[in-house]
Amino acid sequence: MTRPYNFSAGPAAIPDAVLVEAASDMLDWHGSGMSVMEMSHRGKEFMSIYEEAEADLRELLAVPAHFKILFMQGGGIAENAIVPLNLSQEGTVDFVVTGSWSQKSFKEAAQFCKPHLAASAQSTQFTTIPSASSWQLSAQANYVHICTNETIDGVEFQQLPDLKALGSHAPLVIDFSSHVASRSIDWTQVGLAFGGAQKNLGPAGLTVVVVREDLLGHAMKHCPSAFNYKLVADNGSMFNTPPTYAIYIAGLVFKWLKSQTENELRGVAAMERRNTAKANLLYEYLDQSQFYENRVEKACRSRMNIPFYLRDESRNDAFLAGAKARGLLQLKGHKSVGGMRASIYNAMPIAGVEALVSYLQDFERHQA
Ligand SMILES: *Cc1c(COP(=O)(O)O)cnc(C)c1O
């Protein structure tokens, strides 16, 4: 069965091979007589699923040994509260606002700590990333928050800031929800990373947190126990019942990622090569066209989420209807910014982007 190409920003496409395997395991996982959904999270069957998923993710993302990987719930939006509850000590936290998601994080943090706006790209409608040398970092911040890929605005950090070089001794917190596993991560610059799984790792319901061990154990006293990173870590993410089925599906995605190759590259390095090629194909077409436009400064463009506009917006509905008829789904832009958005996560093959470019071309030709 071939399915349409799904450009959803999230919950997003999952590789066919993963869904096929999950379907065949549905009633009876590996001769256990149980669906994964029906297993005790502490039983040996689920523990083996959990341990493999964690080890595979650690390998894929090259997470160093002094970081814990936590499988939690609540998504990125809950982390906007959970991170300050655990790391802020009610003190100052620096935020760099580069789009809708970091702006949400900045606002939520005010309930728990003293957020300080170190830089904002709002005056450019979030089409740029302020250069790190211009950030007004606080002397005593408990951490610095950035969103490394803004899913709605389509801007992405191409490298992580070196906070020490900027005179800050605070740990860096990154919201990597929408580009985790799409490119390598320089962990020497990171204190904590969090992301919901439903963009690039699997189904909604699972939140991945990767945290440096020395940052554990500083939670505020009214931090809910189930959201206390130290308690979660000390209990192997089983302080409460983890989202078992979502972990299982994400685990299958991790195996799929490990099997991906591009020439001599494997895993995330292969995905990074492929994702770069996919994004270049789409941006090159948009940039040469008089009919469509992407407004993000070239150096800040996301490889994962590519917002674009028809210069004549009265054609939007016709564009979306035609796309759907060609098997190109969920291209409508986020309601806050309008226009279109193509999310081309790891599960999107090059052929999907080629099909999109070919549709863009045909639609343009028929309207001209
Ligand atoms: C989707 C998204 C979130 C929010 O995720 P929820 O699961 O809805 O809480 C946060 N940050 C980024 C960058 C996202 O893409």
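**Pockets and aromatic pairs in a predicted model**

Let me start with aspartate 56, which touches Phe254, Lys255 and Lys258 once residues up to four places away in sequence are left out, contact meaning heavy atoms within 4.5 Å. Aspartate 56 sits in helix H2, residues 44–61, where helices are DSSP runs of H or I with at least four residues and strands are runs of E with at least two, numbered from the N terminus. With a relative accessible area of 6%, aspartate 56 is buried; buried means under 20%, exposed over 50% and partly exposed in between, with a 1.4 Å probe and protein chains only.

A word on the basis: this is a predicted model, in which local features need pLDDT of at least 70 and side-chain atom pairs count only at pLDDT 80 or more, while totals for chains, interfaces and linings use all residues. Residues are numbered from 1 along each chain as its sequence is written, and side-chain values use heavy atoms, with hydrogens and water left out.

Staying in helix H2, phenylalanine 46 and tyrosine 50 lie four residues apart, about one turn of the helix. Phenylalanine 46 counts as buried at 0% relative accessibility, and tyrosine 50 counts as buried at 4%.

Turning to another pair, phenylalanine 319 and phenylalanine 363 are edge-to-face, at 5.3 Å centre to centre and 90 degrees between the planes; rings of Phe, Tyr and Trp (its six-membered ring) pair if their centres lie within 6.5 Å, with planes under 30 degrees apart counted as stacked, over 60 as edge-to-face and the rest as tilted. This pair links distant parts of the chain, with phenylalanine 319 in helix H8 (residues 316–325) and phenylalanine 363 in helix H9 (residues 350–367), 44 residues apart. Both residues also belong to one aromatic cluster, whose members include Tyr285, Phe291 and Tyr359.

Now to the largest pocket, which has a volume of about 380 Å³. Of its 25 lining residues, the closest to the centre are Ala9, Gly10, Trp101, Gln198 and Lys199. On a 1 Å grid over the protein atoms alone, a pocket is an open set of points where a 1.4 Å probe fits, with protein on both sides within 12 Å along at least five of seven lines, and lining residues have an atom within 4 Å of a point; the volume is the space filled by probe spheres set on the points, which are joined across faces, edges and corners.

Where does the largest pocket lie? Domain 1 (17–258) and domain 2 (265–367) both give residues to its lining, so the largest pocket lies between them, the bounds coming from an automatic or database domain assignment.
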